[in-house]
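Me: I would like to work through this model step by step. Please keep the answers brisk.

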Amino acid sequence: MSPARQRNWRFVPRGLFWRVFLAIGVAVLIAATVSFGLFFISSGHNLQRVYGQDYSNLSTQVRQALDEDSMKELQMQFKEEKGATLVVLEGKRAIGKKPPSWVYKKLLRDKKRPPKRNKDDDGDDRRRDSHDFEPMQTRLVHNGSIYRIIILPSQDSLIDIVRPLVVLALIAALTLASSVIAWMFSRPLRKVQSAARQLSTGDTSARVPDSVALRRDSIGELGSDFNHMAGRIQHLLDAQLQLLRDVSHELRTPLARMQVALVLAQDSPDKVGSHLTRIEIEIERLDNLIGSILSLSKVESGAATLNESSFDFRLLLTEIAEDAEFEFANRSISAKVDCEDLTLFGDQQQLCSAIENIVRNAMRYSDDGGEVVLAARRSQDTLELSVRDYGPGVEEEQLPRLFEAFYRAESARSAHSNGGHGVGLAITRSIVALHNGSIRAENANGGGLRIVIKLPTSRLR
Amino acid sequence: MSKILLADDDQLLADLLVEYLQGQDFEVQHVADGQAAVAAVQSNPPELVILDVMMPKMDGFEALREIRTKSLVPIIMLTARGDDIDRIVGLEMGADDYMPKPCNPRELAARIRAILRRATLESPSDENGSLNARDISLDTHSRVVVCADNKLDLTSTEFNVLHALLQNAGEVVSKNTLSEAALGRKLLPFDRSTDMHISNLRKKLGEHPNGEARIKTVRNQGYIYTLPSEDS
């Protein structure tokens, strides 16, 4: 929500709890009012229908009962037939059955606020304000006395008494219900919120508790999505931290050697030459390492753009093999190319360094006088390039990790401490991915490691 | 010529270090991993061991633990610079000192000498060659410590720290003095080595018979070997 919009809604309470509470409260209150109103109106009509037509008839009956002094019977009969209480008053004296005490109170109150209705000629004061649940009453002159006939709709009169209680209870129930609903919404969201705040302070272990994340509703989905996101961030940050540690370790290795070589050169003037050569090699190594780290970050961040063109793939492989043979001439390792004529479309320079990294790696772990084979084969929908050596291979569970930056299989590490710095294969993987290809490592039958690159045939021309 | 065992998986660095240390009149044996280091300590006991932390097969900490179960030979750990946790863990596990890597080989040689000298040092100050304080006695000739009738296995550094404390039993000894006595060097900023040696000593010594701590920390000053009043 933009700040401007927030300002427009300033009169709405800020907390989710209060918003939900108010919204539900108002909605339920409106619904209750409307439905009660309808109920009152309809029950009022019923009242008129039941008693309204009987007034003249009732007057006659009352007169008769007064004459015969049989008011109680009439009252009982009335109760039975109409389900309502008939009260007859002469002044304040009740004839027949005594009405409940509240009737007196009510009549007294009515006298203080006389009705504004017009009276009929025959003295009929028919206050039939059905909405207000006033008892229906009329006056009767008989034998010189004035009687009041009151009909108390028994059921409705009960509501009449408890009405204030009902309203109170209703308000209480509404408050309670909307609080519960609002609480049900706001409480889990608050947990998500606190996890988000914790995360924003840098605590990547912040998670929404399972009580929220495992809910089968939108809030639960929000919670589990949040946890997923936090887990991903934590993983990435940890990976970055590990990378930083690995980089600094790799940078320190040549530095440590240089430091010792330097002291040796200072202390023994007769051997200065060989120690300076060592320092030179280590400086070169440091420079290569920094270059590799930079190109890795370039291809991994996606900042590298492919400079694509068509080129002779077999020629590329042959050149790589020749260069590698030359580089490892002192250990007389040979590199063989087995490839048909293929024209590939891609970034020649990048693919060249990607394959070079694999071949160098293979040669590094080959025995002196060994052989490395580069074989490219076209199948139905892929171009498959495999580079195979006859070295010690890699333990099965370490294979998938070979392409992680700075990861070096333990066996390889101890045997060849002069090996690479562990960035080459990571760069290769990224370059292959940029060409929509895939890469994997496996132990070849008969010993040695085989690295297989698959490129889509759409790259062939 | 003192015999030193160097365990480091970086062959080139090890070659250079061996060359330098040999030039400094040390006899150096080099191994490339932790397992080989443990084996070498048993088969050909050196006078001092230098352990790199990052090693294949068995890392420096594991090798340290293995060696400590059998030998009290002085050990210097090579830890990555800035990794305080490595440093503290190493000292806690019984290493005598640590060197950040990359390190100046001259400083490494100086530390080796300091530790070796102190490991064989006999205190000239007390004629009879022994220090006593209640139920603890320390013999500077045989380098044996007997506490509550138990003979204790202390590394030479721990022995030196305890020696310095007992010489001034009941008085505060500064951390710097302890560092000088134990490792032959001044305390460096953020250096927790003496604290770790004290912590290891406390574990080995236990408490006074009345349950009071034998070595107490005096904040910002140092440590004190306590002499509780006899009647308490």
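Me: Which residue stands opposite L383(A) in strand 11 of chain A?

Reply: First, some ground rules: this is a predicted model, where local features need pLDDT of at least 70, side-chain atom pairs count only at pLDDT 80 or more, and totals for chains, interfaces and linings use all residues. Residues are numbered from 1 along each chain as its sequence is written, while chains are lettered from A and ligands numbered from 1 in the order in which they are written. Strands (E, at least two residues) and helices (H or I, at least four) are DSSP runs, numbered from the N terminus. The residue opposite L383(A) in strand 11 of chain A is L455(A).

Me: How many bridges link strand 9 and strand 11 of chain A?

Reply: Two strands pair if DSSP finds at least two bridges between them. Strand 9 of chain A covers residues 382-388, and its pairing with strand 11 of chain A is antiparallel. The number of bridges is seven.

Me: Which residues make up the covered face of strand 11 of chain A?

Reply: In a regular strand the side chains alternate between the two faces of the sheet. Strand 11 of chain A spans residues 449-456, and its uncovered face holds R450(A), V452(A), K454(A) and P456(A). The covered face is L449(A), I451(A), I453(A) and L455(A).

Me: Why does P456(A) count as partly exposed?

Reply: P456(A) sits in strand 11 of chain A. A residue is buried if 20 or more other C-beta atoms, placed from the backbone, lie within 10 Å of its own, exposed if 12 or fewer, and partly exposed in between. P456(A) counts as partly exposed because its number of C-beta neighbours inside 10 Å is 13.

Me: Which residues does P456(A) touch, not counting those up to four places away in sequence?

Reply: Contact means that two C-beta atoms, placed from the backbone, lie within 7 Å. S438(A) is 18 residues from P456(A) along the chain, and their C-alpha atoms are separated by 9.1 Å. The residues that P456(A) touches are D381(A), T382(A), N436(A) and G437(A).

Me: Which strands stand at the edges of the five-strand sheet in chain A?

Reply: This open sheet has the order 6-8-9-11-10, with mixed pairing. Each edge strand has a single partner strand, so one side of each is left without a neighbour in the sheet. The edge strands are strand 6 (334-339) and strand 10 of chain A.

Me: At what angle does helix 11 of chain A run to strand 8 of chain A?

Reply: Axes are lines fitted to C-alpha atoms, for helices over the stretch in contact, and angles run from 0 to 180 degrees between N-to-C directions. Helix 11 (residues 348-364) lies across strand 6, strand 8, strand 9 and strand 11 of chain A. Its angle to strand 8 of chain A is about 145°.

Me: Which helix supplies the largest share of the side of chain A that touches chain B?

Reply: Here 18 residues of chain A are in contact with 19 residues of chain B. Helix 8 (218-267) and helix 12 (410-415) of chain A each supply at least two residues of that side of chain A. The largest share is 12 residues, and it comes from helix 8 of chain A.

Me: Why is helix 2 of chain B called roughly parallel to helix 3 of chain B?

Reply: Angles under 35 degrees count as roughly parallel, over 145 as roughly antiparallel, 65 to 115 as roughly perpendicular and the rest as oblique. The axes of helix 2 (residues 34-43) and helix 3 (residues 60-70) of chain B come within 9 Å. Helix 2 of chain B is roughly parallel to helix 3 of chain B because the axes cross at roughly 20°.

Me: Which strands are the edge strands of the four-strand sheet in chain B?

Reply: The open sheet has the order 6-7-8-9, with antiparallel pairing. Each edge strand pairs on one side only. They are strand 6 (130-133) and strand 9 (150-152) of chain B.

Me: What percentage of the residues in chain B is buried?

Reply: Chain B has eight helices and 12 strands. It holds 232 residues, and the buried share is 40%.
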